Amino acid sequence: MTAAPILPERHEWTVDDLGDLPKDLPYELINGRLIVPSPTAVHQDLCVRLLLALEVNCPPEYLVSIDLSMRVDRRNEPRPDVVVIRRKHADRSPVPVEDALLAVEVVSPTSTFRDMYDKAKVYAHAGVASYWVVDPLQERVTLTEYALGAGREYEQVAHTEDLFVTERPWKVSVDLPALTARRNDLLATDAE
């Protein structure tokens, strides 16, 4: 039996401290706070479906990926659930945030505030042009789209639980009622 790794205790983490972590530990650093995510299968299924929707019209110079670290600054190295980057960074981690066109976060019960506020501020300050927050915790899955405005702050441009269509970063359609049905089907318990 292998012992679980013991993480160094710190009140405040920086990207310089990340080298002390086990190499295979998935983490993200938000405002100096180390987060070790543990997503559910439903969460990951939703991420894959968003990736597939984004790939439909993806130009050849870009790449859609899931769970990829982005270096922002000394106190921030987030891992968006889905991210659009320049293809030239396909073999890099972390990816330079200035080459990210879109970051997508799928809300989980332990990440609502972080996804809606903390990460939005981090991505906006870093200059990520578009930010989506997908919320599967509501009765119907919702998607909120933000675009970078003046002063490096996001402005909400769409919020829907129906068919979502946008031109940012290119023409994308996401069938949210289908995602709601898929989520409900995955969470349904057998009567057996």
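**Salt bridges, cores and ring pairs in the predicted model**

Glu145 forms a salt bridge with Arg168, in which the closest N and O atoms are 3.1 Å apart. Because Glu145 lies in strand E9 (residues 142-148) and Arg168 in the loop between E11 and E12, this pair ties together parts that are 23 residues apart in sequence. Glu145 counts as buried, at 2% relative accessibility, whereas Arg168, at 33%, counts as partly exposed. The structure described here is a predicted model, and a search of the whole of it finds eleven salt bridges.

Another of these bridges joins the side chains of Arg79 and Asp67, at 2.9 Å from N to O. Arg79 is placed in the loop between E4 and E5 and Asp67 in the loop between E3 and E4, so that the pair ties together parts twelve residues apart in sequence. Arg79 is buried, with a relative accessible area of 16%, while Asp67 counts as partly exposed at 36% relative accessibility. The loop between strand E4 (70-71) and E5 also holds Glu77, which counts as buried at 1% relative accessibility and whose side chain is joined to that of Arg71 by a polar contact of 2.8 Å.

Within helix H1, the side chains of Arg49 and Asp45 meet in a salt bridge of 2.9 Å, N to O; the two residues are separated by about one helical turn, because they are four residues apart in that helix. Arg49 counts as partly exposed at 30% relative accessibility, and Asp45 as buried at 17%. Through salt bridges that share partners, Asp45, Arg49 and Arg182 are joined into one network.

The protein chain contains three helices and twelve strands, and 46% of its 192 residues count as buried. Among contacts between residues at least 6 apart in sequence, 51% join residues at least 24 apart. The chain exposes about 10,600 Å², of which carbon and sulfur atoms supply 51%.

In soluble globular proteins, nonpolar side chains tend to be buried together. In this model, the largest nonpolar core has 24 residues, and those with the most contacts inside it are Leu50, Leu54, Trp132, Val134 and Val174. At least two residues of this core are supplied by each of helix H1 (41-55), strands E3 (62-66), E5 (82-86), E7 (100-106), E8 and E12 (172-175), and helix H3 (176-187), with the largest share, six residues, coming from H1. When neighbours within four places in sequence are left aside, Leu50 is in contact with Val82, Val104, Val106, Val134, Val174 and Leu179. A second, separate core of 20 residues includes Val72, Val122, Ala124 and Ala126.

A search of the whole structure finds six aromatic pairs. In one of them, Trp132 and Phe164 are arranged edge-to-face, at 5.2 Å centre to centre and with 80° between the planes. This pair links distant parts of the chain, Trp132 being in strand E8 (residues 130-135) and Phe164 in strand E11, 32 residues apart. Both Trp132 and Phe164 are buried. Elsewhere, ring pairs link Tyr123, Tyr131, Tyr146 and Tyr154 into a cluster.

Strand E11 (residues 163-166) also holds Leu163, which is exposed, with a relative accessible area of 53%. Apart from its neighbours within four places in sequence, Leu163 is in contact with Ser173, Val174, Asp175 and Pro177. Leu163 and Ser173 are ten residues apart in sequence, and their C-alpha atoms are 7.0 Å apart in space.

How values were computed: Residues numbered from 1 in each chain as written. Predicted model: local features only at pLDDT ≥ 70, side-chain atom pairs only at ≥ 80, totals over all residues. Heavy atoms only, no water. Buried < 20%, exposed > 50% of the residue type's maximum accessible area, 1.4 Å probe, protein only. Contact = heavy atoms within 4.5 Å. Phe/Tyr/Trp six-rings, centres within 6.5 Å; stacked < 30°, edge-to-face > 60°. Core = buried A, V, L, I, M, F, W, Y, C linked by side-chain atoms within 4.5 Å. Polar contact = N/O pair within 3.5 Å; in protein donor to acceptor, adjacent residues only side chain to side chain. Areas by Shrake-Rupley, 256 points an atom, 1.4 Å probe, with all protein chains shown as cover. Salt bridge = Lys/Arg side-chain N within 4 Å of Asp/Glu carboxyl O.
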